[in-house]
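Thanks for coming, everyone. I'll keep this short. Please look at the screen while I talk.

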Amino acid sequence: MLIKIDNLTKFFGDKTILENISLDIKKGDRIAILGQSGCGKTTLLNEIKDNNKAITKNYKDYSIVYQEPRLLPWKNILENVTLVCDDEQKAKKILTEVELKDHLDKIPCEISGGMKQRVSIARALSMEPEVLFLDEPFSALDLKIRVNLIKMLAAELTHIKTLKGLVYVTHNILDALLLASKVIVLGGTPSKIVYEKEIDIPLGKRDWKDEKLIEIEKEITKIFLD
Amino acid sequence: MTLTYFINKILNISNYLVGVTLLLVAWSYLATIYPPAIIPSLGSIYDATINIYQNEMIMSEIGYTVYRVFASSIISVIVGVTLGILCGVIEPLNKAITPLAIIFENVPPIGWMVLTIMWFGIGDIPSIVVGVISAVPIIFFYIVSSVQNINPKTFEMAKDFKLSKMKILTSIYIPSIMPSIAASLSTGIGLSWRVVVMAEALSAYDGIGQKLWGNYMYGDTPAVYSYIFIIALLGLAMEYLVAHPIKNKIEKRYMRNVNKNR
């Protein structure tokens, strides 16, 4: 077991945000936590990331990709990655893989939003983490850029040998279905797990037109809209 | 098109000259009404300026003053920035220091001048110290607020990626407050200039402020006015030849669309 959440309940003041969340994350899992805005999914991610006695963690290190790139504006692309990994060769290699080889000495304000998010992904992967957290990393991007970026990330994940698991928070159903090995949906007030589904299609073969994915998409849309 | 361009250019420059011309005209008129000991004629001020330039060791006097201004600005920036970063990071320290800074800020420079002459005697030190004490609180408040305004998400990133304390200082704190350091350097030089020249009048044996005061004591009114004129010109030079270029350079490097990238 990589991460075990046992009956987690979380309050903000006297308001219950999360109630009785139990979840087992096994080695090799890619868990997508889906839910609508304000349902507490980022809170859940932060609880996993930080320390909560309801959560047992069985990994040494993690890294994270945020919704905003959170790059340092005064450092160029390469420096933003070497800042965390201290290894220029490794940083260059990963930046080449995310197709940023020609932009190493640009500063963040000189590149597009999608490119910034690729830098942010490269920064997270350069740490060679055991667990990778993604907090709505594609939400601010256009559909086409988003789908391409997910494909790129899926390919990158296979390169990181240390990686044991991925926890991915999003409100976008398609994003979740293209990447996750298991989807859970948070719903209700306070939020509980209302839906769980394993997806056994290999990462490289995921396609938005896939019948199986469309079926799951419909089920989750129904939960969201009801 | 080029002709209208030049006409516009000349009109544009002439706008700037209107105020100065009016001042000179008014001055010439007033000089005919009041005695020369109050308002000397423009001609006598001009002669006094030439005389100062030719006969007095004006360059070495300016040198003393400029040395004091730079010493005081550099010390102010070092003290103000260091204290500002520490207090921006450590809230209890901030609470302890802020009242002191407010008190220091509200004692007028003349008060510090009397004290520093008592403590250090007449010489270089009083004017430098008065400059430092006047500038440090302002720089301090600048830096504290800019440290406190750094986006907390940047620190969350630093924590998630386990950046060392040293990296957080050199890669996040210092670059984030660079624009404020630039602004405080510019403020520091400007303020030091005014305060040091004033302090020199009473607390130094040399320097341009002392020459101004000395000429007043001798009753040489045209020389007093020409020293004021020289002081104003030098102040402008400090502002536009020293403070602004430094500020622009730093801002160009550190303020390029900073907010877009958070």
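This is a predicted model: local features need pLDDT of at least 70, side-chain atom pairs count only at pLDDT 80 or more; totals for chains, interfaces and linings use all residues.

Let me start with a term: two strands count as paired if DSSP finds at least two bridges between them.

Now take β3(A) and β7(A). They pair in the parallel sense, over five bridges. Which residue of β7(A) is the bridge partner of Ala32(A)? That partner is Tyr168(A). Remember that tyrosine. We'll come back to it.

β3(A) also pairs with β8(A), again in the parallel sense, and here over four bridges. The bridge partner of Ala32(A) in β8(A) is Val183(A).

Step back to the whole sheet. This is an open sheet of six strands in chain A, in the order β5-β6-β7-β3-β8-β9, with mixed pairing. Where are the edges? The edge strands of chain A are β5, residues 62-65, and β9, residues 192-198; each pairs on one side only. On average, neighbouring strands of this sheet are turned by 15 degrees against each other, direction ignored.

Strand β8 of chain A, residues 182-187, pairs with β9(A) in the antiparallel sense, over six bridges. There, Val185(A) has Tyr195(A) as its bridge partner in β9(A).

Back to β3 of chain A, residues 30-34. Is this strand enclosed or open? Five of its five residues are buried, so the strand is largely enclosed by the rest of the structure. In a regular strand, side chains alternate between the two faces of the sheet. Here is how that looks in β3(A): Arg30(A), Ala32(A) and Leu34(A) point one way, while Ile31(A) and Ile33(A) point the other. All of them are buried.

Next topic: aromatic rings. A search of the whole structure finds 10 aromatic pairs over all chains. One of them brings back our tyrosine: Phe138(A) and Tyr168(A) pair edge-to-face, 6.2 Å centre to centre, with 85 degrees between the planes. Why look at this pair? Phe138(A) lies in the loop between β6 (131-135) and α5 (143-157) of chain A, and Tyr168(A) lies in strand β7 (residues 165-170), so the pair ties together parts that are 30 residues apart in sequence. Phe138(A) is buried, at 1% relative accessibility. Tyr168(A) is buried too, with a relative accessible area of 1%.

Tyr5(B) is partly exposed, with a relative accessible area of 45%.

In chain A, ring pairs also link Tyr59(A), Tyr62(A) and Phe133(A) into a cluster.

The charged end of Arg70(A) sits over the ring of Tyr66(A), 3.7 Å from its centre. Lys162(B) lies over the face of Tyr62(A), at 4.1 Å from the ring centre.

Last stop: Asp160(B). This residue lies in helix α7 of chain B, residues 152-160. Buried or exposed? Asp160(B) is buried, with a relative accessible area of 1%. What does its side chain touch in chain A? Leaving aside neighbours within four places in sequence, Asp160(B) is in contact with Lys49(A), Tyr62(A), Ile64(A), Tyr66(A) and Met127(A). Two of these come with polar contacts between side chains: Asp160(B) to Tyr62(A) at 2.7 Å, and Asp160(B) to Tyr66(A) at 2.5 Å.

That's my tour. Thank you.

Notes:
Residues are numbered from 1 along each chain as its sequence is written. Chains are lettered from A and ligands numbered from 1 in the order in which they are written. Side-chain values use heavy atoms; hydrogens and water are left out. Rings of Phe, Tyr and Trp (its six-membered ring) pair if their centres lie within 6.5 Å; planes under 30 degrees apart count as stacked, over 60 as edge-to-face and the rest as tilted. Helices (H or I, at least four residues) and strands (E, at least two) are DSSP runs, numbered from the N terminus. Buried means under 20% relative accessible area, exposed over 50%, partly exposed in between (1.4 Å probe, protein chains only). A charge sits over a ring if NZ of Lys or CZ of Arg is within 6 Å of the ring centre and within 35 degrees of the ring normal. Axes are lines fitted to C-alpha atoms, for helices over the stretch in contact, and angles run from 0 to 180 degrees between N-to-C directions. A polar contact is a pair of N or O atoms within 3.5 Å; within protein, one must be able to donate a hydrogen and the other to accept it, and residues adjacent in sequence count only if both atoms are side-chain atoms. Contact means heavy atoms within 4.5 Å.
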